Amino acid sequence: ELLTSFAARFDRALATQQAVAIAAVAGLLSGPLIWKLAPEVAAGLFARDVNHLSPVRAPATAGWLLVTIGIFTLLPLVGLLKPLLVHSWPIKRAWNEVTRTGTDTLLYAALAAGMAVAVAFALAWAAGRSSSRRRWLVAAALALLALPPALPALWLIPWSGRFTLGVALALRGLPLAILFALRAIGSMPSSWADAARVHHVSRATFLAKIACPWCARWAFPAAAVAALLATAEIGTVLLLHPPGHGSLPLAVFTIMANAPEALVAMLCLFYVGLAMTVAVLGEQLVRRL
């Protein structure tokens, strides 16, 4: 209904009122939960000294994990293959749509991931090891996660463009990136900083040779998650994208009402392949660190 108010009725004021109403309801429902969870999440993100634990093999747990992944991942893909097997495989037409929107899709994902990770680690460093600042930062991240994505997009419409769209998409991945960043800072032993001070290691050297390499193993998965969330977003892209520079999910959303079912399924398969490529590349980068 919110997208209809903006895209069909061209009533930005009504769309903004609807977004504010959704945000108010979300805040009312999630506020007590956030207030309860924020201290526990903030404390759980920091490392604790424990004895070395031996890995426990649990084949039954691994089996249930594979079954769960199969149900929630493979079955939808089987559903996408059905119209292709019944009708045809419009690979060429779908590929033309992918090439038309692929560059913008990757650009928006890169902008969102880069800005989300940069802001998240800056906020995590600012919070440091202060328990109160960590709690407030976690609470803010959870509250931002509960907000409707259309709300900041509606406020940014006067400055719509590729960079503005990247900023709005970064807000979707920022809450999870903050949790990754807090975990990265929290799992860094405080003895490292103490040793650096004892040996008169400058702060710049400490950041470049110790802190940044350590945080990189958390920054890459945070960037991958932010990028995947950015590519999956439709409403924000619809509100802020420049004419002729939409994303692949927006193209699927736009044509799905009138295009053949096989074409929509083929575009969805291409999108899933793009998302899996981003996830695999992120996982490989983490393995190399």
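Student: Which residues in H5 are buried?
Tutor: Arg 134, Leu 137, Val 138, Ala 139 and Ala 141 are buried in H5. Buried means under 20% relative accessible area, exposed means over 50%, and partly exposed is in between (1.4 Å probe, protein chains only). This is a predicted model: local features need pLDDT of at least 70, side-chain atom pairs count only at pLDDT 80 or more, and totals for chains, interfaces and linings use all residues. Residues are numbered from 1 along each chain as its sequence is written, and side-chain values use heavy atoms, with hydrogens and water left out.

Student: How many residues does helix H5 have, and what does it span?
Tutor: Helix H5 covers residues 131-146, which is 16 residues. Its first and last C-alpha atoms are 23 Å apart, close to the 22 Å expected at 1.5 Å a residue. The expected span is 1.5 Å times one less than the number of residues. Helices are DSSP runs (H or I, at least four residues), numbered from the N terminus.

Student: New topic. How many salt bridges are there?
Tutor: The count is three. The rule asks for a side-chain nitrogen of Lys or Arg within 4 Å of a carboxyl oxygen of Asp or Glu.

Student: Which residue pairs with Glu 97?
Tutor: Arg 100, with N to O at 2.3 Å. Both residues lie in helix H4 (residues 91-127), three residues apart, about one turn of the helix. Arg 100 is partly exposed, at 45% relative accessible area.

Student: And what does Arg 162 bridge to?
Tutor: Asp 104, with the closest N and O atoms 3.0 Å apart. This pair links distant parts of the chain: Arg 162 is in helix H7 (residues 162-186), Asp 104 is in helix H4, and they are 58 residues apart.

Student: Is Asp 104 buried or exposed?
Tutor: Asp 104 is buried, because its relative accessible area is 6%. Arg 162 is partly exposed at 32%.

Student: Which residue meets Arg 172?
Tutor: Glu 233, at 4.0 Å, N to O. Glu 233 sits in the loop between helix H9 (203-232) and helix H10 (235-240), and Arg 172 is in helix H7, 61 residues apart. Glu 233 is buried at 13%, while Arg 172 is partly exposed at 21%.

Student: Now the surface. Which residues form the nonpolar patch?
Tutor: Trp 64, Val 67, Ile 71, Phe 72 and Leu 75, with about 600 Å² of accessible area together. Patch residues have over 30% relative accessible area and no salt bridge; like charges are joined within 9 Å, nonpolar side chains (Val, Leu, Ile, Met, Phe, Trp, Tyr) within 5 Å. Areas come from the Shrake-Rupley method with a 1.4 Å probe; for residues, only the protein chains shown count as cover.

Student: Where is Trp 64?
Tutor: In helix H3 (residues 59-86). Trp 64 is exposed, at 62%.

Conventions:
Helix = DSSP H or I, 4+ residues; strand = E, 2+ residues; numbered from the N terminus.
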